[in-house]
Amino acid sequence: MSDELYDKFTQFFDADINQYLGEHGGGAEVVDLMGNELIIRMLGECRGCLSMNDTVNGVILKKVSAVFPFVKKVSVTDDVSPEVYEMACNLFTLHN
């Protein structure tokens, strides 16, 4: 995905998707675009929420595809963000 497209997705998520998810203590961030599939990471209370699939397919996909019609699927990665991974590595380093 080009930097320009990534920036457009990020701006859209900040202005729309995360406003909605923030009401529930969560959020989402764009990870990658593979063909017509947008890969996102759920954050905060949204991560692991029992309603996550409904939110992704019923809300996020509809909102995203209305603005970016080439997106036909939204998938959630279960990895951690680079920031959280780095923080965890630093914690383990401090305790060894």
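Reply:
**A close look at one helix**

Let's start with α2, which bends by about 35 degrees at isoleucine 60; the bend at a residue is the angle between axes fitted to the seven residues ending there and the seven starting there. Helices (H or I, at least four residues) and strands (E, at least two) are DSSP runs, numbered from the N terminus. Please keep in mind that this is a predicted model, where local features need pLDDT of at least 70, side-chain atom pairs count only at pLDDT 80 or more, and totals for chains, interfaces and linings use all residues. Residues are numbered from 1 along each chain as its sequence is written, and side-chain values use heavy atoms, with hydrogens and water left out.

Now for what surrounds isoleucine 60. Leaving aside residues up to four places away in sequence, isoleucine 60 touches Phe13, Ile17, Leu21, Ile40, Met42, Thr55 and Val74, where a contact means heavy atoms within 4.5 Å. Buried means under 20% relative accessible area, exposed means over 50%, and partly exposed lies in between (1.4 Å probe, protein chains only).

As a general background, nonpolar side chains tend to be buried together in soluble globular proteins.

Lysine 63 and aspartate 16 meet through their side chains in a salt bridge (3.0 Å, N to O). Aspartate 16 sits in helix α1 and lysine 63 in helix α2 (residues 52-67), so this pair ties together parts that are 47 residues apart in sequence. Both ends are partly exposed, aspartate 16 at 25% relative accessibility and lysine 63 at 30%. By the rule used here, a salt bridge is a side-chain nitrogen of Lys or Arg within 4 Å of a carboxyl oxygen of Asp or Glu.

How many salt bridges does a search of the whole structure find? There are three. Another joins glutamate 29 and arginine 41, whose closest N and O atoms are 2.4 Å apart. This pair links distant parts of the chain, with glutamate 29 in strand β1 (residues 26-34) and arginine 41 in strand β2 (residues 37-44), 12 residues apart. Glutamate 29 is partly exposed at 25%, whereas arginine 41 is buried at 6%.

The remaining salt bridge brings together the side chains of glutamate 4 and lysine 8 (3.6 Å, N to O). These two are four residues apart in helix α1 (residues 3-22), so about one helical turn separates them. Glutamate 4 is exposed, at 53% relative accessible area, and lysine 8 is partly exposed, at 42%.

Tyrosine 6 is placed in helix α1 too. Tyrosine 6 is partly exposed at 33%, and it touches Met1 and Val30, not counting residues up to four places away in sequence.

Stepping back, the chain has three helices and three strands, in the order α-β-β-α-β-α along the sequence. Of its 96 residues, 32% count as buried. The C-alpha atoms fill a box of roughly 50 × 30 × 20 Å, taken along the principal axes. Among contacts between residues at least 6 apart in sequence, 53% join residues at least 24 apart.
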